[in-house]
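Hi,

Here is the structure I said I would pass on. Have a look at it first, and then read on for what turned up when I went through it.

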Amino acid sequence: NTFTMLVPLCLLWLVASCQASSINDTSCLVDPTQSSCVDFHLNDTLTAAQISIICTPGPHGMPEMVGCSVWRICVNSSNAQEKASPYCKNFDIYKSLCGMMPSMDGCSLYADLCAVKGTVVKDCNMTLLPLPSLEQLRNDVKYICGNMSMVSCDECFTNGQPKSCDYLAVYSQLCQIMPSMTQCADWKGYCRVIPDWDICDGTSPNVPRMEMFFHTGITDYILFQSWVPKSVGEYAASLIIVFLMAIMGEGFRVFKLRIEAKWNEQIREEAHKRDASPLLLQKTISRSPFILRIEVARAVMRSLEVFIHYMLMLVAMTFNVGLFLAIVLGSGLGLLLFSVFRPVVPDNGVLGIIGDEDCCN
């Protein structure tokens with residue numbers, strides 16, 4: 001019947017079309033200046049295999065190349081916007097790798113297609129992602145890590161000595177943390193093109209930014225590398241902890257004043273024992289008597305007081321508005337709560353040295 005006759009004819013047509021396509025592919029690789037090669041596209045699987053040759057560690061591989069960093073991002077990313085980006089297309093990555101060195105291992109197909117004078121293949125003229133050179137990235141990372149100690153630097157340096165690493169990834173992490181650095185001009189340049197990529201997204205919960213001005217947001221380093229709020233709940237808990245720290249700081253200060261008042265009274269008693277004459281005591285004692293147990297305890301408490309207040313100061317230096325307000329409000333509330341426990345300091349001074357009133361009444 002007619003149907004059984006049409007099936008073989010359709011199969012023959014498909015085979016002929018594939019053969020013609022194969023011939024056309026081969027002819028464009030041989031002579032890409034043909035007008036029929038304008039819309040030619042190199043086989044995607046074949047392109048991926050060539051990229052793998054270049055970016056896989058080995059005797060002929062160069063995995064540190066910037067294009068290889070982009071390839072790894074595109075292959076491993078869970079970011080749908082990165083996956084859909086035109087800069088994640090295999091030929092775009094292939095061109096970024098081979099454009100400057102078409103004679104490199106793995107670039108033979110690119111050389112046949114795009115390094116020929118007069119090529120008409122449109123893919124050879126596509127706009128690439130404006131990435132810095134590997135040498136520029138190395139210099140920028142070396143400068144930043146040489147002047148500032150940052151966690152990401154450990155990926156490229158051991159005891160100050162450089163080692164193999166993903167320079168684009170490390171450079172992007174450093175600039176996400178401190179985007180105001182002058183060395184981050186290139187980062188800002190390519191991030192204007194791909195702002196939604198993880199290497200550019202300043203709101204990424206994995207990379208806290210170090211902004212030396214008041215700012216809002218939930219992601220900041222708080223005292224320790226591991227204390228980084230990554231959700232609204234974690235940030236709220238951090239605000240409560242800092243708020244309580246500020247209250248405790250004021251409470252500890254009042255507690256220290258009360259203890260100091262008792263110690264001062266003991267010092268006054270010790271001074272009386274040394275000289276029974278208050279008038280003579282007033283004129284001859286230039287310093288309070290040294291009582292070892294009191295001075296040791298005083299030194300410990302002073303150290304604790306400095307520790308608490310400097311910890312709060314370091315939190316304030318995150319310049320996070322929420323954390324700063326938590327310290328201010330906590331200190332104010334702490335002063336209000338503990339003010340009733342503040343000791344009354346005598347007019348004759350905190351050291352309890354006997355004054356004129358004690359002498360003459």
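One cut-off before anything else: a residue is called buried under 20% relative accessible area, exposed over 50%, and partly exposed in between. That is why Arg253, at 27% relative accessibility, goes down as partly exposed. Please also keep in mind that this is a predicted model.

Arg253 is a handy place to start. Its salt-bridge partner is Glu250, with the closest N and O atoms 3.1 Å apart. Both sit in helix 10 (residues 232–274), three residues apart, which is about one turn of the helix. Glu250 counts as buried, at 10% relative accessibility.

Helix 10 has another pair of this kind. Glu260 forms a salt bridge with Lys256, and here the closest N and O atoms are 3.7 Å apart. These two are four residues apart in the helix, so about one helical turn separates them. Glu260 is buried, with a relative accessible area of 14%, and Lys256 is buried too, at 13%.

Then there is helix 12 (residues 292–316). Arg298 pairs with Glu295 in a salt bridge whose closest N and O atoms are 3.2 Å apart. Being three residues apart in helix 12, they are separated by about one helical turn. Arg298 is buried, with a relative accessible area of 15%. Salt bridges with shared partners link Lys256, Glu260, Glu295, Arg298, Arg302 and Glu305 into one network. Over the whole structure, the search finds ten salt bridges.

Helix 12 also packs on helix 13: their axes come within 8 Å and cross at roughly 150°. Leu312, Val315 and Ala316 make the contact from helix 12, and Leu323, Phe324 and Ile327 make it from helix 13. By class, that contact has six nonpolar residues, no polar ones and no charged ones.

Together with Phe214, Leu325, Val328 and Leu329, it makes a nonpolar patch of about 470 Å². Leu329 belongs to helix 13 (residues 321–338), and at 56% relative accessibility Leu329 counts as exposed.

So which helices are largely enclosed by the rest of the structure? Helix 8 (residues 167–177) is one of them, because nine of its eleven residues are buried. Those are Tyr167, Leu168, Val170, Tyr171, Ser172, Leu174, Cys175, Gln176 and Ile177. They pack against helix 3 (66–76), helix 7 (134–147), strand 2 (161–162) and helix 9 (185–191).

Helix 3 is also largely enclosed, because eight of its eleven residues are buried. The buried set is Val66, Gly67, Cys68, Ser69, Val70, Trp71, Ile73 and Cys74. Their packing partners are helix 2 (44–55), helix 4 (80–83), helix 5 (90–98), helix 7 and helix 8.

Finally, the overall numbers. The chain comes to 14 helices and two strands, and 37% of its 361 residues are buried. Of the contacts between residues at least 6 apart in sequence, 64% join residues at least 24 apart. The chain exposes about 21100 Å², with carbon and sulfur atoms supplying 63% of that.

Cheers

Technical notes. Residues are numbered from 1 along each chain as its sequence is written. This is a predicted model: local features need pLDDT of at least 70, side-chain atom pairs count only at pLDDT 80 or more; totals for chains, interfaces and linings use all residues. Side-chain values use heavy atoms; hydrogens and water are left out. Patches are made of residues with over 30% relative accessible area and no salt bridge: like charges are joined within 9 Å, nonpolar side chains (Val, Leu, Ile, Met, Phe, Trp, Tyr) within 5 Å. Accessible areas come from the Shrake-Rupley method with a 1.4 Å probe; for residues, only the protein chains shown count as cover. A salt bridge is a side-chain nitrogen of Lys or Arg within 4 Å of a carboxyl oxygen of Asp or Glu. Buried means under 20% relative accessible area, exposed over 50%, partly exposed in between (1.4 Å probe, protein chains only). Axes are lines fitted to C-alpha atoms, for helices over the stretch in contact, and angles run from 0 to 180 degrees between N-to-C directions. Contact means heavy atoms within 4.5 Å. Ala, Val, Leu, Ile, Met, Phe, Trp, Tyr, Cys and Pro count as nonpolar, Asp, Glu, Lys and Arg as charged, and the others, Gly among them, as polar.
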